[in-house]
Amino acid sequence: MEKRVTFRGLTLPLLLVLPQILISGVFFFYPAGQAIWQSLFIPDPFGLSSQYVGLGNFEFLLSDEYYRASFITTAVFSILVTLVCMLPALLLALLADRLIKGAGTYRTLLIWPYAVAPAVAGVLWLFMFNTRVGVISWYLGQLGYDWNHVLNDKEAMGLVVVASAWGRISYNFLFFFAALQAVPKSVVEAAAIDGARFWQRTFSIVLPLISPTMFFLLVVNVVYSFFETFGVIHTITSGGPQQATTILVYKVFADGFIGQDLGSSAAQSVILLFVVGALTVIQFKFVEKRVHY
Amino acid sequence: MFSILKPRSTNEPLPGMVEKRGASLWLTHVLMILGVLVVFFPIWLAFVASTVSQPEIVSPPMPLLPGDQFLENYKRALFSGINVPVATMLFNSLIMALGISFGKIAISLLSAFAIVYFRFPGRNVFFWMIFITLMLPVEVRIVPTYEVVAGFGMLNSYSGLIFPLIASATATFLFRQFFMTIPDELAEAARVDGASPMRFFFDIVLPMSRTNIAALFVILFIYGWNQYLWPLLITTDPDMNTIVMGIKQMFPSGDDTADWPVIMATSMLAMIPPVIVVVSMQKLFIRGLVDSEK
């Protein structure tokens, strides 16, 4: 797509793009290049010199038990987050779609959590499940269940998943609701005349019709759980107990800033770079589809 | 058996086929309200905790209805805080969020205008450069970006908080898409009338982009306000902490009990500005969401 009518000039357009080129160059391309460069070296412990190791950092990483475990943790985490944020959102959207009056009010109320930062969401959920003062952990205790996410791997994972998915429910709700509203009423009514019940209509007509939105949300939510949940994990578990909630992005931070293992951290960044690339390609493929329905 | 053909009495309203009435309608409302309550519960609990005293919280179960310490807790949070007054952190967050929103919108408007309305050498290279920056979140390149910022002496500064986060081109991409939809006749007319490109930009393009700019502002404001990892790395001086990253710093290290009422008051203060922006500009917000994901 090109404009037919354009202005003449060379200095002006270059001046116009200059700020963006400068900022992207200094704060994006240079650091990204550095990450790739550093991933080929192992700095000595005093940071005075570094030794070229080729793909050594990558070989080491891929044979590192902890790193491989982190891959699995990330997979489990992102699948769970995606499910936990999409299913309730879909249910709420299906309900809201049945209403003629009041749907707008519910939407306004449900938007709230989207505005809550992941790190703040982490603090809220930590507060509810705190082993000493948490309300929910206390009631669980009354029921005879001893909640302790500080020691128990599965409970820690469950808590960071729910805290990460919580604010995301709003986002998914908005997209599902918009998609449902766009489903032609005549199709649904025709099915109703033929005697299809609500759930039959939902599963055989409505959900297939909104499947492009579902695929789109699936990809977007996976991207979210990979890259934007750092705040939740850092506030609630700091990657623990042991490494039970250390997802890939958290490990880049932990190895780079706490462990000071710059070579390994850079190599992890490069691996993540490929993961993002793959996800972006998938995302654009689905977005293409989404436009055509 | 022919009751189905019985003519409908004329004053009975025609119900839609699939809209729910009566009991089923109420059930839908009840379920919906339940859903909203469950989703809202964490926020409610934080609010309650911010209005009661510490002893009420540390002897569980804490009350589920607000107490009378509202003013006391918020005053303590805002003006003394734990490491630094929360008012300072709020101010820092505001500067950061506004800086990111305005900065990104300004540089993106200019470069998108150049890409769409000019032919200059390197234009395609530039466009692809922009495309690549869409893919890499700051989390992935933190260590080298930190080194760059430290090298410029921008640790603990607003520019250090803002610049690395505007180095991505989502907004440029968006404005480019929008500028492509502006009718060519407008640019033609401007050229015939002898208007300079910048005159055309300020008098035609900018006013036409108002809604897009506002929608993008909502999204960027929340994005900037809610940043966590980046401020955590570069603001070691408590006076430069932003509120979202500062909350975690309020927890004591070791075994001491956290000052929950103040922490929860701070959490409420941290979520109020973005919530106000989202709720009051709901239409723009939804539009911004849809635009920025396209």
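Predicted model: local features only at pLDDT ≥ 70, side-chain atom pairs only at ≥ 80, totals over all residues.
Residues are numbered from 1 along each chain as its sequence is written, and chains are lettered from A, with ligands numbered from 1, in the order in which they are written. The predictor gives the complex an ipTM of 0.85 and a pTM of 0.87.

**Confidence**

- Within chain A, confidence is lowest in helix α13 (residues 262-291), with a mean of 74, and highest in helix α5 (residues 118-129), with 93.
- Chain B has a mean pLDDT of 84, with 88% of its residues reaching 70 or more; its lowest helix in confidence is α15 (residues 282-293), at a mean of 75, and its highest is α4 (residues 86-117), at 93.
- Over residues 1-15 of chain B pLDDT stays under 50, and for this stretch the model has 1 contact beyond four places in sequence, a contact being two residues whose C-beta atoms, placed from the backbone, lie within 7 Å.

**Overall make-up of chain B**

- The secondary structure of chain B consists of 15 helices and 0 strands, where helices (H or I, at least four residues) and strands (E, at least two) are DSSP runs numbered from the N terminus.
- Of the 294 residues in chain B, 44% are buried; a residue is buried if 20 or more other C-beta atoms lie within 10 Å of its own, exposed if 12 or fewer, and partly exposed in between, with C-beta atoms placed from the backbone.
- Among contacts in chain B between residues at least 6 apart in sequence, 73% join residues at least 24 apart.

- Helix α14(B), residues 260-280, has 21 residues and reaches 29 Å from its first C-alpha to its last, close to the 30 Å expected at 1.5 Å a residue; the expected span is 1.5 Å times one less than the number of residues.
- α14(B) bends by about 30 degrees at B:Ile272, with the proline B:Pro273 following within four residues, the bend being the angle between axes fitted to the seven residues ending at a residue and the seven starting there.
- α14(B) is mostly covered, since 15 of its 21 residues are buried.
- The 28 residues of α1(B) should span 40 Å at 1.5 Å a residue, which agrees with the 39 Å between its end C-alpha atoms.
- α1(B) bends by about 50 degrees at B:Phe41, and the proline B:Pro42 follows within four residues; the buried residues of α1(B) include B:Met32, B:Gly35, B:Val39 and B:Pro42.

- Between the chains, 81 residues of chain B are in contact with 84 residues of chain A, and the largest share of the chain B side, 12 residues, comes from helix α1 (residues 22-49) of chain B.
- Leaving aside its neighbours within four places in sequence, A:Val120 is in contact with B:Val244, B:Ile247, B:Ser267, B:Ala270 and B:Met271.

**Single residues**

- B:Ile142 lies in helix α6 (residues 142-151) of chain B and counts as buried because it has 25 C-beta neighbours inside 10 Å.
- Beyond four places in sequence, the contacts of B:Ile142 are A:Val252, A:Phe253, A:Gly256, B:Leu229 and B:Leu233.
- A:Ser238, in the loop between α11 (230-236) and α12 (248-258) of chain A, has a positive phi near 50 degrees without being a glycine, and it is partly exposed, with 14 other C-beta atoms within 10 Å.
- A:Gln242 lies in the loop between α11 and α12 of chain A and has a positive phi of about 50 degrees although it is not a glycine; A:Gln242 is exposed, with 12 other C-beta atoms within 10 Å.

Definitions and conventions:
pLDDT = per-residue confidence, 0-100.
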